[in-house]
Amino acid sequence: MGMLDRFGGVFWLPVILAVIAFVLIGAPSSWLTLTVAGLSMGLMIFLMASGLSLVFGLMDVLNFGHSAFVSFGAFVAASVLAYFGGWLGSDSILLNSLALVFAIAAAIVFGAALGWFFERVIVKPVYSDHLRQILITMGALIVAEQLILATWGGTPMNVPRPHFLEGAIIVGNSSLEVYRLFAFCLGAIVYGGLFVLLNRTRMGLLIRAGVENREMVEALGFKIDRLFIGVFMLGSALAAMGGAMWAGYETIITPALGAEMMVIVFIVVIIGGLGSIQGTLLGAIVVALMQNYVGFLAPKLALASNMILMMVILLWRPYGLAPAVKIK
Amino acid sequence: MNGKITVKIIALTIWGLLLFAPFLFQDVRQIEVAARIAVFIVLVASYDLLIGYTGIVSFAHTMFFGFGAYGVAIAMKQGDSTWGFWIVGVLAGVLVSAIVAVLIGLLSLRVKAIFFAMITLAAASVALVLASQLSSFTGGEDGITYSVQSIFKPATKLLTDAEGGVLRIFDVRMNGKIAAYYFVFISCAVLFWVMLRIVASPLGTVLQAIRENEARAEGIGYRVVAYRTAVFVIAATAAALAGAVYATWLKYTGPDTTLSFAIMIDILLMVVIGGMGTMWGAVIGATLMVMAQYYLRDLMEVASSATEALPLLPDLLSPDRWLLWLGIIFILLVYFFPAGIAGTIMQRRAAK
């Protein structure tokens with residue numbers, strides 16, 4: 001294992017997966033399309049999952065209602081995009097981008113506000129009681145889903161895309177959707193930002209220290225509660241952003257979106273290991289690549305494949321691939 | 001009076017009402033409610049074994065309920081409606097449940113409760129997706145309609161009077177419907193009794209020890225993972241049997257009646273309302289929730305049309321939104337009455 005770890009260890013897993021898929025698929029052009037789709041999907045899922053993982057690592061709180069932020073983000077962004085429908089249709093890239101920025105910003109602000117409310121009202125009273133925590137956040141998820149149903153109705157909603165993100169680029173024989181490339185880039189930028197925040201700033205140092213040993217950080221006089229609510233809001237804002245981008249990716253969304261994504265997000269954080277954004281990114285990319293490759297090779301197995309992947313990885317590493325915290 | 005006795009009297013009264021339900025309530029819908037209550041008592045009690053007695057949170061309970069129901073449904077549909085195929089279906093459902101439970105248990109019960117909850121949730125949703133995708137086998141979203149053993153058919157004459165017609169006792173027709181109801185009642189009563197015995201047995205005591213202090217239980221020499229896996233398998237088996245009984249009663253099995261996430265939420269609500277870790281609370285919780293499901297919606301319908309002139313309120317009060325209110329009630333209950341009805345009665349009386 002020592003050899004393996006020195007050269008990046010488990011982080012080679014997506015590459016190995018891609019190589020195996022390349023052999024199985026046989027056609028380089030389809031492989032490239034699928035790989036790009038998988039990477040962009042992976043980064044969107046990373047946005048949705050990173051908050052869950054960090055919040056658990058820092059405070060031992062697992063929020064089963066996390067997917068509510070994803071749903072709210074998707075629906076808020078879709079509503080804002082629909083409101084600026086005129087701007088989206090125009091040829092001006094400036095107006096296009098403005099509408100898009102407004103939509104994503106609205107989702108982020110809404111997600112952060114909802115996160116604040118969730119933390120103060122739902123999660124705070126049950127910090128150290130896991131059983132009640134699971135039950136209460138589950139209850140909150142039900143209420144949130146019903147509120148979405150009451151506000152936006154149960155019918156599928158169309159999400160208009162900005163004009164300049166429509167279409168595809170042809171590389172060789174494979175067509176790469178512009179939106180996917182955009183989602184990939186945006187996700188990568190956010191990951192980069194998070195990485196710098198956690199590894200190069202004082203606040204990030206405190207967060208990482210808190211994940212590793214909360215009592216010690218508190219004993220040194222830092223208010224971890226205040227830090228925690230910040231991380232919680234950041235996590236919900238990122239989840240809402242992920243939801244907003246997912247809405248544009250799917251172009252048709254239903255209130256069931258949150259529940260569907262929740263399962264994938266859970267599988268991702270279990271595979272990746274809780275508490276570290278590197279682990280979450282790794283889990284998200286592995287799951288998304290797997291889903292795309294298997295979806296192409298054996299469509300019926302797509303969801304079950306992730307389940308099997310999770311089982312195998314848990315047998316190999318019970319705490320996930322790259323956890324920052326050991327699950328006691 | 002001792003609180004425990006109060007709870008038992010309430011629960012036994014409910015069982016008594018269920019026993020005479022066909023004679024007390026002659027409306028078709030009310031018999032439907034009574035049968036549903038009986039099945040859900042078993043389902044909730046088996047869930048209480050996990051959450052209340054062992055401190056395991058699983059979201060896969062409807063999956064096992066579904067395995068049992070689909071076992072019977074597929075056997076009756078593919079084969080024919082005889083006891084032979086019924087038994088095959090029940091055994092298949094129970095066997096699949098037990099195997100899956102062992103796999104999940106051994107794989108993930110060694111880690112924290114929260115991890116286990118996530119894994120069961122993922123497993124349950126995969127089962128739900130599979131049920132709707134393998135439509136040639138499971139009937140997909142529409143589910144399966146089938147006929148059951150001839151003794152349970154409404155046209156069957158259980159007892160005949162002098163003229164050869166269906167005998168009436170207290171004005172109740174002794175037909176196949178009565179047979180089906182008492183089949184449900186007796187099966188559920190027996191299953192509930194078995195679970196009561198399990199809780200009172202040495203096994204039950206070990207489980208409670210694990211819930212209270214895992215490290216100490218391990219230290220005394222009990223293999224925690226083995227015990228947890230065992231109780232998970234027992235609960236899964238009980239849920240599968242409840243599913244088989246319910247499938248026999250409904251003559252229909254689909255994702256909405258057995259596998260759906262909404263039912264998982266119902267079970268959670270019932271166990272919390274009734275009182276976790278009390279077993280008898282399951283009777284109270286299941287009864288209240290099923291009654292609410294059937295009659296609260298009517299009430300909301302009235303409230304919704306009464307507030308029609310106001311903005312937003314009719315939307316929130318419409319019967320479709322009843323889960324919203326249940327969710328809010330659920331959160332409040334977990335905050336303020338974590339012991340549930342049975343638990344609160346027991347504590348209050350004990351304190352005096």
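Visitor: What is the bridge partner of Ile169(A) in S3(A)?

Guide: Leu176(A) is the partner of Ile169(A). This is a predicted model, where local features need pLDDT of at least 70, side-chain atom pairs count only at pLDDT 80 or more, and totals for chains, interfaces and linings use all residues. Residues are numbered from 1 along each chain as its sequence is written, with chains lettered from A and ligands numbered from 1 in the order in which they are written.

Visitor: What makes S2(A) and S3(A) a pair?

Guide: Pairing takes at least two DSSP bridges, and four join S2 (residues 168–171) to S3 (residues 174–177) of chain A, running antiparallel. They form a hairpin with two residues between them, and Gly172(A) in the turn has a positive phi of about 60 degrees.

Visitor: Which residues have the most contacts inside the largest nonpolar core?

Guide: Ile45(A) and Ile41(B), in a core of 227 residues. Such a core joins buried Ala, Val, Leu, Ile, Met, Phe, Trp, Tyr and Cys through C-beta atoms within 7 Å, buried meaning 20 or more other C-beta atoms within 10 Å. Helix H3 (residues 28–59) of chain A gives the most to this core, 18 residues.

Note on methods
Buried ≥ 20, exposed ≤ 12 C-beta atoms within 10 Å, placed from the backbone.
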